[in-house]
Amino acid sequence: MAKLVFSMQQSLDGYVDHMKMGPPGPALFRHFMEQLRDQSGFLFGRVMYEIMRYWDEDSTDWDADEQDFAAAWRRQPKWVVSRSLKSVGPNATLVENDIEAAVRGLKAQQVGEIDVAGPNLAGSLTDLGLIDEYRLYLHPIVLGRGTPFFAGPRPPLRLVASDVIGEEVVRLTYVPA
């Protein structure tokens, strides 16, 4: 059975905005690359899926690490939860109806970790009791506004791990309490 993991970078005040935080530093990028290679796939909300489609097309501006990331990302199966999209890109499956049944089926059919990407989707899955682990990558920045990591009330959580990645990021790992 697969484990659903919701992980995102966030500011100290709880917001997720990759554009304002900037790209991850070398150590964090390598960390994300290792995780990408080890996971079983992605479960995206529409907004995060559209952001990550950036990696679908090669760019002459990319360095070797970015090219490796793009290749690994393209190999990963992706499930996209959306009522507005009519189609999705390569190696992706559109989930339009009965999200709970679809995700429960996905968890039962897959093994390993599936990364949940998008705070709104994660909020819905949290309400359904489907998120198995939360990974918060805290950056030493205060944004003051934006999209919060938790789209609704924070669920009861228990801290199971913490570690420093690079010189500036702390990863906090929680499970439902």
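Reader: How many bridges join strand S7 to strand S10, and what makes the two a pair?

Author: The model is a predicted one. In it, five bridges join S7 (residues 133-138) to S10 (residues 169-176). A pair requires at least two bridges, so S7 and S10 qualify. The two strands run antiparallel, and Leu136 has Leu172 in S10 as its bridge partner.

Reader: What makes S9 and S10 a pair, and do they run parallel or antiparallel?

Author: Eight bridges join S9 to S10; as at least two are required, the strands pair. They run antiparallel, and Ala161 stands opposite Thr173 in S10. In their hairpin, three residues lie between the strands, and Gly166 takes a positive phi near 70 degrees.

Reader: How do strand S1 and strand S6 run, and how many bridges join them?

Author: S1 (residues 3-10) and S6 (residues 113-117) run parallel, joined by four bridges. This count meets the requirement of at least two, and therefore S1 and S6 pair. Val5 stands opposite Asp115 in S6.

Reader: Why are strand S5 and strand S9 called edge strands?

Author: The sheet is open, with eight strands in the order S5-S4-S3-S6-S1-S7-S10-S9 and mixed pairing. Strand S5 (92-95) and strand S9 (157-165) each pair on one side only, and are the edge strands. From one strand to the next, the twist averages 25 degrees.

Reader: How do you know that the buried residues of helix H5 line one face?

Author: The buried residues of H5 (residues 99-109) are Val103, Leu106 and Lys107. Viewed down the axis of H5, they fall within an arc of 100 degrees, so they line one face of the helix. On the other side of H5, Ala108 and Gln109 are exposed; that term requires over 50% relative accessible area.

Reader: Why does Asn91 count as partly exposed, whereas Asp98 counts as exposed?

Author: The relative accessibility of Asn91 is 40%. Buried means under 20% and exposed over 50%, so Asn91 falls in between and counts as partly exposed. Asp98 has 54%, which is over 50%, and therefore counts as exposed. Neither residue is a glycine, yet phi is positive in Asn91, at about 60 degrees, and in Asp98, at about 40 degrees. Asn91 lies in the loop between strand S4 (78-81) and S5, while Asp98 lies in the loop between S5 and H5.

Reader: Which residues are closest to the centre of the second largest pocket, and what makes each nonpolar, polar or charged?

Author: The second largest pocket holds about 220 Å³ of space. Among its 15 lining residues, Pro24, Gly25, His139, Glu168 and Val169 are the closest to its centre. The lining has ten nonpolar, three polar and two charged residues. Helix H2 (residues 26-38) gives the most to this lining, with three residues.

Methods:
Residues numbered from 1 in each chain as written. Predicted model: local features only at pLDDT ≥ 70, side-chain atom pairs only at ≥ 80, totals over all residues. Heavy atoms only, no water. 1 Å grid on protein atoms, 1.4 Å probe; cavity = no way out; pocket = protein on both sides within 12 Å on 5 of 7 lines; lining within 4 Å. Points joined across faces, edges and corners; volume = space filled by probe spheres on them. Nonpolar A, V, L, I, M, F, W, Y, C, P; charged D, E, K, R; others polar. Axes fitted to C-alpha atoms, helices over the stretch in contact; angles between N-to-C directions. Buried < 20%, exposed > 50% of the residue type's maximum accessible area, 1.4 Å probe, protein only. Arc of directions from axis to C-beta.
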